[in-house]
Amino acid sequence: GLRYYHHSISNFTKTFATDLDSTLNLDLAIFENEAVAWSNFLLASCFMMVFLFGGLVQYLSDIVPRISVLVDTVSRSITPVFFLVIILCDVFFAFVIWCNLLFGKTVRDFSNIQVTAISLTEMLFGRLDVVEDLRLSFPITGFFFYLVFMVLFFFILQYLSRAIVLTSF
């Protein structure tokens with residue numbers, strides 16, 4: 001979706017068609033309107049699937065008692081999970097700034113705030129290329145940063161979220 005949105009803003013299809021042979025008589029305005037309508041349809045259908053899933057869960061919670069317990073547990077844990085997400089975002093943003101200031105001049109993956117946030121998110125999900133660059137440039141400081149970041153987020157993400165759900169149960 002984002003790729004088409006970028007291409008539609010930059011008039012990609014019009015410039016591409018004018019670079020082609022002029023014998024192609026394409027009606028690009030109709031094509032672009034249909035492509036925008038299709039992307040709007042996909043967005044609306046995604047929202048409708050979410051609402052349909054919510055209705056299905058509500059229906060099943062009335063019929064199956066175990067799903068009712070699950071729905072009650074999730075509804076009681078919404079507020080603590082919301083505050084956990086706020087705290088996680090604050091801590092993550094602090095790590096982004098810390099990493100950018102400390103390693104931004106030499107490590108390419110930490111060159112600006114946006115790239116640093118993406119790199120740290122990828123580190124959470126197992127990308128270790130960044131850690132190799134960090135280890136080569138900053139052997140001690142990079143290891144300390146990686147250790148603190150991964151241990152803190154691993155324990156916060158895994159154990160604190162589990163504790164919130166179990167407390168709500």
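Ile156 counts as buried, because its relative accessibility is 18% and the cut-off for buried is under 20%. This value, like the rest of this report, comes from a predicted model.

**Ile156 and its surroundings**

Ile156 sits in helix H8. Leaving aside residues up to four places away in sequence, Ile156 touches Leu84, Leu88 and Ser161. Ile87 is 69 residues away from Ile156 along the chain, yet their C-alpha atoms are separated by 10.0 Å.

**The largest nonpolar core**

The largest nonpolar core holds 19 residues. Which of them touch the most other members? They are Phe103, Phe110, Leu120, Met123, Phe145 and Phe149. Helix H5 gives the most, with seven residues.

Take Phe103 as an example. Its contacts are Phe110, Leu134, Phe138, Thr141, Gly142 and Phe145, with residues up to four places away in sequence not counted.

**Aromatic pairs**

The structure holds 14 aromatic pairs. Two of them are set out here.

| Pair | Geometry | Centre to centre | Angle between planes |
|---|---|---|---|
| Phe95 and Phe149 | edge-to-face | 5.1 Å | 70° |
| Phe103 and Phe145 | edge-to-face | 5.5 Å | 70° |

The Phe95 and Phe149 pair links distant parts of the chain. Phe95 is in helix H5 and Phe149 is in helix H8, 54 residues apart.

Phe103 and Phe145 are both buried.

Ring pairs also build a cluster. Its members are Phe92, Phe95, Trp98, Phe103, Phe110, Phe138, Phe145, Phe149 and Phe153. Both pairs in the table have their rings in this cluster.

Ser119 belongs to helix H6. Ser119 counts as buried because its relative accessibility is 2%, against a cut-off of under 20%. With residues up to four places away in sequence not counted, Ser119 touches Asp109, Phe110, Arg127 and Val130. One of these, Phe110, is listed above among the core residues that touch the most other members.

**Packing of H3 against H4**

Two packed helices are described by the angle between their axes and the distance between the axes. Helix H3 covers residues 28-63 and helix H4 covers residues 65-76. They pack at an angle of about 125°, and their axes lie 6 Å apart. How are H3 and H4 oriented to each other? They are oblique. The crossing of H3 and H4 is left-handed.

Residues on both helices make the contact. H3 supplies Val57, Leu60, Ser61 and Ile63. H4 supplies Pro65, Ile67, Ser68 and Val71.

Terms used. Residues are numbered from 1 along each chain as its sequence is written. This is a predicted model: local features need pLDDT of at least 70, side-chain atom pairs count only at pLDDT 80 or more; totals for chains, interfaces and linings use all residues. Side-chain values use heavy atoms; hydrogens and water are left out. A nonpolar core is a set of buried Ala, Val, Leu, Ile, Met, Phe, Trp, Tyr and Cys residues joined through side-chain atoms within 4.5 Å. Buried means under 20% relative accessible area, exposed over 50%, partly exposed in between (1.4 Å probe, protein chains only). Helices (H or I, at least four residues) and strands (E, at least two) are DSSP runs, numbered from the N terminus. Contact means heavy atoms within 4.5 Å. Rings of Phe, Tyr and Trp (its six-membered ring) pair if their centres lie within 6.5 Å; planes under 30 degrees apart count as stacked, over 60 as edge-to-face and the rest as tilted. Axes are lines fitted to C-alpha atoms, for helices over the stretch in contact, and angles run from 0 to 180 degrees between N-to-C directions. Angles under 35 degrees count as roughly parallel, over 145 as roughly antiparallel, 65 to 115 as roughly perpendicular and the rest as oblique. A crossing is left-handed if the near helix is turned anticlockwise from the far one by less than a right angle, and right-handed if clockwise.
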